[in-house]
Amino acid sequence: MIDTRPKTIICDIDGTLVKHEIPTKNTSPNKQLELLPGTVEKLSEWDAKGYNVILITGRRESMRKATEEQLARLGVFYDQLIMGIGGGDRILINDNKPDGRETAFAINLERNKGIDDIIL
């Protein structure tokens, strides 16, 4: 059975969508972030397919407003933003469908490479 429901994309911000720099640089409210290759185009592609986009970041919750403003200035849009998850490993745990189909996947990218080559 083919599942036609939209996928959910969980994507980090710094080093994945925008150039990763030391936290005090990227979290400065007036800092103009540098988009990585394919960021807006890939997000637009996923949006056109109806995917849910959840952005995650190790930035502190107190930086939410500045982060939202930075992303808006770049044209980065999303469905949810989860802040304060820290810099440690991120592990996604999900159950398989009744037919055994796996429903959780991970893509690890080289830092600051961008997401333009991702095919889902």
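Student: In what order do the 3 strands stand in the open sheet, and is the pairing parallel or antiparallel?

Tutor: Strands of a sheet pair through backbone hydrogen bonds, either parallel or antiparallel. In this predicted model, local features need pLDDT of at least 70, side-chain atom pairs count only at pLDDT 80 or more, and totals for chains, interfaces and linings use all residues. Residues are numbered from 1 along each chain as its sequence is written, and side-chain values use heavy atoms, with hydrogens and water left out. Here the order is 1-2-3 and the pairing is parallel. Strand 1 and strand 3 are the edge strands, each pairing on one side only. From one strand to the next, the twist averages 25°. Strands (E, at least two residues) and helices (H or I, at least four) are DSSP runs, numbered from the N terminus. Two strands pair if DSSP finds at least two bridges between them.

Student: Over how many bridges do strand 1 and strand 2 pair?

Tutor: These two strands pair in the parallel sense over 5 bridges. Aspartate 12 stands opposite isoleucine 56 in strand 2.

Student: Which residues have the most contacts inside the largest nonpolar core?

Tutor: A nonpolar core is a set of buried Ala, Val, Leu, Ile, Met, Phe, Trp, Tyr and Cys residues joined through side-chain atoms within 4.5 Å. Buried means under 20% relative accessible area, exposed means over 50%, and partly exposed lies in between (1.4 Å probe, protein chains only). The largest core has 20 residues, and those with the most contacts inside it are Ile13, Leu17, Val18, Trp46, Leu55 and Val76. Two or more residues come from each of strand 1 (8-12), helix 2 (39-48), strand 2 (52-56) and helix 3 (64-74). Helix 3 gives the largest share, 3 residues.

Student: Is leucine 36 buried or exposed?

Tutor: Leucine 36 is buried, because its relative accessible area is 7%. This residue lies in the loop between helix 1 (23-26) and helix 2. Among the residues that leucine 36 touches, beyond four places away in sequence, are Leu17, Val18 and Asn112.

Student: What is phi of asparagine 112?

Tutor: Phi of asparagine 112 is near 65°, a positive value in a residue other than glycine. Asparagine 112 lies in the segment after strand 3 (80-82) and is partly exposed, with a relative accessible area of 26%.

How values were computed. Contact means heavy atoms within 4.5 Å. Axes are lines fitted to C-alpha atoms, for helices over the stretch in contact, and angles run from 0 to 180 degrees between N-to-C directions.
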